[in-house]
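Keep the viewer open while reading.

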Amino acid sequence: MDMLGNQEILREIASGLGDWRKLAQPIAARYRVGGIASAAAFVAAVAEVPVAVGQDPEIRLGRGFVDVALSTVDGRTGGRWVTPDDLELARAISGIARAQGLIGVPGEVAQLELALDTADDKLVGPFWSALLTGEPGHVVEDTVLDPSNRVPNLWFQRTERHETPRQRWHLDLWLAPEVAEERIAAAVAAGGTVVDASKAPSFTVVADPDGNRVCICTALDRE
């Protein structure tokens with residue numbers, strides 16, 4: 001599989017895929033639609049575009065929008081990666097959207113992941129895979145990936161063993177880069193604090209008034 005790195009993907013987005021943003025695994029786009037009929041017409045047209053094995057787009061219809069996420073599933077490991085085929089499919093989908101007069105709103109795309117602090121992901125991974133997906137074998141490297149995306153991904157942040165209680169769970173909220181600072185500012189205005197911005201714009205750690213932490217993530221400054 002010809003897997004692309006984040007920097008390659010970001011260059012392609014900057015050079016003609018403005019509807020799309022790179023999230024944790026996929027590239028994603030959101031389009032405004034007038035109603036269910038226009039949404040269905042858009043999805044039907046997208047369904048006519050040929051796709052490679054493992055490349056079926058993830059499409060979600062909601063009130064006034066259609067979300068599309070693209071990645072290719074590695075048939076050997078179950079991992080999800082963006083490939084040149086996904087970029088070509090994104091170009092085709094953007095072309096369909098333009099032809100149908102749909103407006104892309106890339107700043108509204110988002111992906112939520114769960115992160116669990118553990119010293120032994122090999123030990124706890126099968127448990128969380130079985131609990132979240134029904135099967136213990138859906139752990140890909142350090143992440144539980146539900147094949148049908150029913151639940152958020154769960155990845156394991158490796159740490160040293162420790163006895164002192166501390167926060168083991170945190171959320172990773174992936175956003176379009178252009179809205180990350182605005183979202184952080186909104187969280188701070190609502191009572192939160194910025195704990196660590198040293199890795200921004202890759203990720204910024206923010207805490208709620210009780211000290212519970214969340215990472216605001218973007219694809220910038222990542223390999």
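How many bridges join strand β8 to strand β12, and do the two run parallel or antiparallel?

## Basis of the model

This is a predicted model, in which local features need pLDDT of at least 70, side-chain atom pairs count only at pLDDT 80 or more, and totals for chains, interfaces and linings use all residues. Residues are numbered from 1 along each chain as its sequence is written, and side-chain values use heavy atoms, with hydrogens and water left out.

## Strand β8 and its partners

Strands β8 (residues 110–118) and β12 (residues 169–175) run antiparallel, joined by 7 bridges. Strands here are DSSP runs of E with at least two residues, and helices are runs of H or I with at least four, numbered from the N terminus. Two strands pair if DSSP finds at least two bridges between them.

β8 also pairs with strand β11 (residues 154–158), in the parallel sense, over 5 bridges. A115 links to both partners: H170 is its bridge partner in β12, and W155 stands opposite in β11.

## The β3–β4 hairpin

Strand β3 (residues 58–62) runs antiparallel to strand β4 (residues 65–70), with 5 bridges. R60 has D67 as its bridge partner in β4. The two strands form a hairpin with 2 residues between them. In that turn, G64 has a positive phi of about 90°.

Helix α4 spans residues 121–133, and its buried residues are D121, G125, W128, S129 and T133. They line one face of the helix, because they fall within an arc of 105° seen down the axis of α4. The arc is taken over the directions from the helix axis to the C-beta atoms. Buried means under 20% relative accessible area, exposed over 50%, and partly exposed in between (1.4 Å probe, protein chains only).

On the other side, L123, F127 and L131 are exposed. The cover over the buried residues of α4 includes β8, β11 and β12, along with β9 (139–140) and β10 (143–144). G134 follows α4, with a positive phi near 95°.

## Helices α2 and α3

The axes of helix α2 (residues 36–47) and helix α3 (residues 84–99) come within 10 Å and cross at roughly 145°. Axes are lines fitted to C-alpha atoms, for helices over the stretch in contact, with angles from 0 to 180 degrees between N-to-C directions.

Which residues meet here? F42, A45 and V46 of α2 meet I93, I96 and A97 of α3, contact being heavy atoms within 4.5 Å.
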